[in-house]
Amino acid sequence: MEADDLKSTMLTMNPTVIVPSPILLWRSKVFLFIFWGVVCCKIGWDSVMRMSADVRDLFLYEAFLYYNPLLLVTMMVWLWGINLWFFSQSNVNYAKIFELDQNHLTHHEIWKCATWMTIVVPTSMTAYLYLYSCGEVSLAASQPVLLYLAVVIILVFPFEIFYLSSRFFLLRTLWRIVVPLQAITFADFFIADILTSMSKVFSDLERSVCRMIHRQVATIAWFEADSVCGSHSVAIPVVLVLPYLFRLFQCLRQFKDTGEKATLLNALKYSTAVPVICLSALKYHVFPDKWTNVYRPLWLLSSVMNSSYSFYWDVKRDWNLSTFTRIFKFNRPHFLSHLLYGQKWVYVWVLGSNLILRCTWTYKLSAHLRHNYLTVFAITALEIFRRFQWIFFRVENEWSKMNMKPNVHISMSTLSTEEDKLLNSSSHDV
């Protein structure tokens, strides 16, 4: 009886459940994230300082080669989440523009993926540095290999986890870019344009995978420039030029489907990147005098043509200056909307930075300028930032076109109705 009374008493009790506030949880996550970053930096720095001076620079260059592509991809994911946040605030239906289903990722989910990428990639890099400095060369060499394998497995994992529908959409779009045998959608050439900004990333991925296949990770076997995975490899310009060729073939496919001459002019724009890459690669395969007197001036000329043509196309074709910054007009009051919408400094900044970064664009396309890997990394990161800016106004232009089509259709139908009424009316005076 006492047990029954105790049970009934417990059922009638209404205990207060203590739930931490969302702000406290968010601050705790930020603290742990910063603490983890400090620990990784401390372990990495101590590991590098334990190496001898003659090995340190070479090893850092190699470690940077394996991890900088994934760091740049992580940066692109973070910036894409910011793009989606702005679209959601300005009521731009990006799901309709890209023809996404109802299960598409929001900016919150994109940022969650970017957070995990920010944790995993530097952690693997820290483990690589620490194990190598402790003499565990084989374990150190396995770190980038395991990381690359994990990325591939997650992308192709065929089960309903890790956002299966979004992964399938990405892989399907990449396949449509590589093999443009069907009509080109906005998502197809939009992602293909982003891939052109990440051509340096794919070039470093190719060299990293090459060294993994030939078991050159955590060794100096790759140091010879003429080796199979060296800096003089023919595969480097080939991989650099592939994104531009994919975009070129897309333009030719669009001309076949639509007959618009503008698509041929767009194809010409992407073709101007080919001589920049090929002429730069010739430096390692011709005599120095011939490079200086013949090929280097041609490379400079093709670089100027590519940068100028690309900047013109951004401003004249990809963007609509009459609706510029309209994408920053939010549904609710926000300080960013007041800062960006309709402000003249946005015009000056976007046009000026786009022109400058278009000119530095050729630096990352040129294989003979890759000796300073930190400079190339910075320029590639700036190119990704330029593409981040470009996305706002490219999507803004596409959204404006989609909104104008129904209005034009309605106005034309209304005009036809009025004309029919006037022609069929018998009660009118002349």
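Modeller: Let's start with F392, which sits in helix α16 (residues 373-424). Helices here are DSSP runs of H or I with at least four residues, strands are runs of E with at least two, and both are numbered from the N terminus. Bear in mind that this is a predicted model, where local features need pLDDT of at least 70, side-chain atom pairs count only at pLDDT 80 or more, and totals for chains, interfaces and linings use all residues. Residues are numbered from 1 along each chain as its sequence is written, and side-chain values use heavy atoms, with hydrogens and water left out.

With a relative accessible area of 5%, F392 is buried (buried is under 20%, exposed is over 50% and partly exposed is in between, using a 1.4 Å probe and protein chains only). Who does it touch? If you skip the neighbours within four places in sequence, F392 is in contact with N83, F86, F87, I327 and F328, where contact means heavy atoms within 4.5 Å. Take F328 from that list: it is 64 residues from F392 along the chain, yet their C-alpha atoms are separated by 8.9 Å.

Now for some rings. The structure holds 27 aromatic pairs, a pair being Phe, Tyr or Trp rings (the six-membered one for Trp) with centres within 6.5 Å; planes under 30 degrees apart are stacked, over 60 edge-to-face, and the rest tilted. One of them is W85 with F330: the ring centres are 5.7 Å apart and the planes sit at 90 degrees, so this pair is edge-to-face. It ties together distant parts of the chain, since W85 is in helix α3 (residues 53-89) while F330 is in the loop between α13 (288-318) and α14 (335-340), 245 residues apart. Both W85 and F330 are buried.

At 28% relative accessibility, L71 is partly exposed. L71 touches V121 and P122, again not counting residues up to four places away. L71 and A381 are 310 residues apart in sequence, but 9.6 Å apart in space from C-alpha to C-alpha.

From there, hop over to S124 in helix α5 (residues 107-133). S124 has 9% relative accessibility and so counts as buried. Its contacts beyond four places in sequence are Y67, Q143, P144 and L147.

P144 brings us to a helix pair: P144, V145 and Y148 in α6 meet L205, S208, V209 and M212 in α9. Sorted by type, the residues of that contact are six nonpolar, one polar and no charged (Ala, Val, Leu, Ile, Met, Phe, Trp, Tyr, Cys and Pro are nonpolar, Asp, Glu, Lys and Arg charged, and the others, Gly among them, polar). Helix α6 (residues 137-156) and helix α9 (residues 199-213) pack at about 120 degrees with axes 11 Å apart. The axes are lines fitted to C-alpha atoms, for helices over the stretch in contact, and angles run from 0 to 180 degrees between N-to-C directions. That angle makes α6 oblique to α9; under 35 degrees is roughly parallel, over 145 roughly antiparallel, 65 to 115 roughly perpendicular, and the rest oblique.

For another pair, helix α8 (residues 186-197) and helix α10 (residues 235-258) pack at about 155 degrees, with axes 8 Å apart. These two are therefore roughly antiparallel. On the α8 side the contact uses D188, F189, A192, D193, L195 and T196, and on the α10 side P243, Y244, R247, Q250 and Q254. That contact divides into five nonpolar, three polar and three charged residues.

Most residues other than glycine have a negative phi. F162, in the loop between α6 and α7 (164-178), has a positive phi near 55 degrees. Y163 lies in the loop between α6 and α7 and has a positive phi of about 55 degrees as well. Y163 is partly exposed, at 30% relative accessible area.

Stepping back, the chain comes to 16 helices and zero strands, and 41% of its 430 residues count as buried. Of the contacts in the chain with a separation of 6 or more, 73% are between residues 24 or more positions apart.
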